[in-house]
Amino acid sequence: MKFVGQLSIIFVALYFALSYVHENILPQFYVFDRTRLQQIGKEVISANPGANSTAILRGVHARLAEEYPGLINDFNEEDWVFNNAGNAMGSMLVLHASISEYLIFFGTATGTEGHTGTHFADDYFLILSGQQTAAPAHSREAEVYLPGDSHHLPCGYNKQYQMDPNSWALELAQGWIPTMLPFGLLETIFSTLDVWSCGKTIKISAVNTVKNLLRGKI
């Protein structure tokens, strides 16, 4: 029992330490402005009425590369990978990864539904095409997010969510990104056995994180 008590004290102390750093230190290193990202998304959507999702994604990518030179990965079709997390399955392209932030394209051609996960980070999900619905456990009606809308999932919160077929989003997470990795990888390791997707996700994320650390981008 004494050991359990000591372990509990350690976990509580660690939680408050991580919370303090999340609120007061990590924001100093953020390079992306969620408001600006939403503005870029809306501008691209408005400038391309009726365009297919690929055109929208490429248009947003071009604007991001211009807005954040040297910080956005190339739009290579071979770098897209499957992602299974919270019983939802989709495809993603890692645009930027560091200890405090990641920026990805995420979406699904067929539709998906699952759990958002509970994270030590704030998550901003900007819908570029299609539709997302979401709801916390106590809700009786779904929240609806359409192209141009940004769905904010605050640090420590969770929801059920669903994406229609051909729905795609620009996702920004800001906080303790390494703590999100188990959610993003465990289903691949223990369920789908998609070793290729898992390995590629780890490689791309690790290379980007180290590259940004060397640039002083935590």
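Me: How do the residues of the lining of the largest cavity divide by class?
Reply: This is a predicted model, in which local features need pLDDT of at least 70, side-chain atom pairs count only at pLDDT 80 or more, and totals for chains, interfaces and linings use all residues. Residues are numbered from 1 along each chain as its sequence is written, and side-chain values use heavy atoms, without hydrogens and water. A cavity is a set of points on a 1 Å grid over the protein atoms alone where a 1.4 Å probe fits but cannot get out, and lining residues have an atom within 4 Å of a point. With Ala, Val, Leu, Ile, Met, Phe, Trp, Tyr, Cys and Pro as nonpolar, Asp, Glu, Lys and Arg as charged and the others as polar, the lining has five nonpolar, two polar and two charged residues.

Me: Which elements each supply at least two residues of that lining?
Reply: The lining residues are Arg34, Leu37, Gln38, Tyr124, Leu126, Ser150, Leu170, Glu171 and Leu172. Helices (H or I, at least four residues) and strands (E, at least two) are DSSP runs numbered from the N terminus. The elements asked for are α2 (34-47), β5 (121-129) and β10 (167-175).

Me: How much space lies in the second largest cavity?
Reply: Phe82, Asn83, Met92, Gly184, Leu185, Thr188, Ser197, Cys198 and Thr201 line the second largest cavity. By class they are four nonpolar, five polar and no charged residues. A volume is the space filled by probe spheres set on the points, and here it comes to about 30 Å³.

Me: How many aromatic pairs does the structure hold?
Reply: Rings of Phe, Tyr and Trp (its six-membered ring) pair if their centres lie within 6.5 Å. By that rule the total is six.

Me: Why is the pair of Phe32 and Tyr68 edge-to-face, and how far apart are the parts that it ties together in sequence?
Reply: Planes over 60 degrees apart count as edge-to-face. These rings have centres 4.7 Å apart and planes at 65°, so the pair is edge-to-face. Phe32 lies in the loop between α1 (2-24) and α2, and Tyr68 in the loop between α3 (53-67) and β1, so the parts tied together are apart in sequence by 36 residues.

Me: Is Phe32 buried or exposed?
Reply: Buried means under 20% relative accessible area, and exposed over 50%. Phe32 has a relative accessible area of 5%, so the residue is buried.

Methods
On a 1 Å grid over the protein atoms alone, a cavity is a set of points where a 1.4 Å probe fits but cannot get out, and a pocket is an open set with protein on both sides within 12 Å along at least five of seven lines; lining residues have an atom within 4 Å of a point. Rings of Phe, Tyr and Trp (its six-membered ring) pair if their centres lie within 6.5 Å; planes under 30 degrees apart count as stacked, over 60 as edge-to-face and the rest as tilted. Buried means under 20% relative accessible area, exposed over 50%, partly exposed in between (1.4 Å probe, protein chains only).
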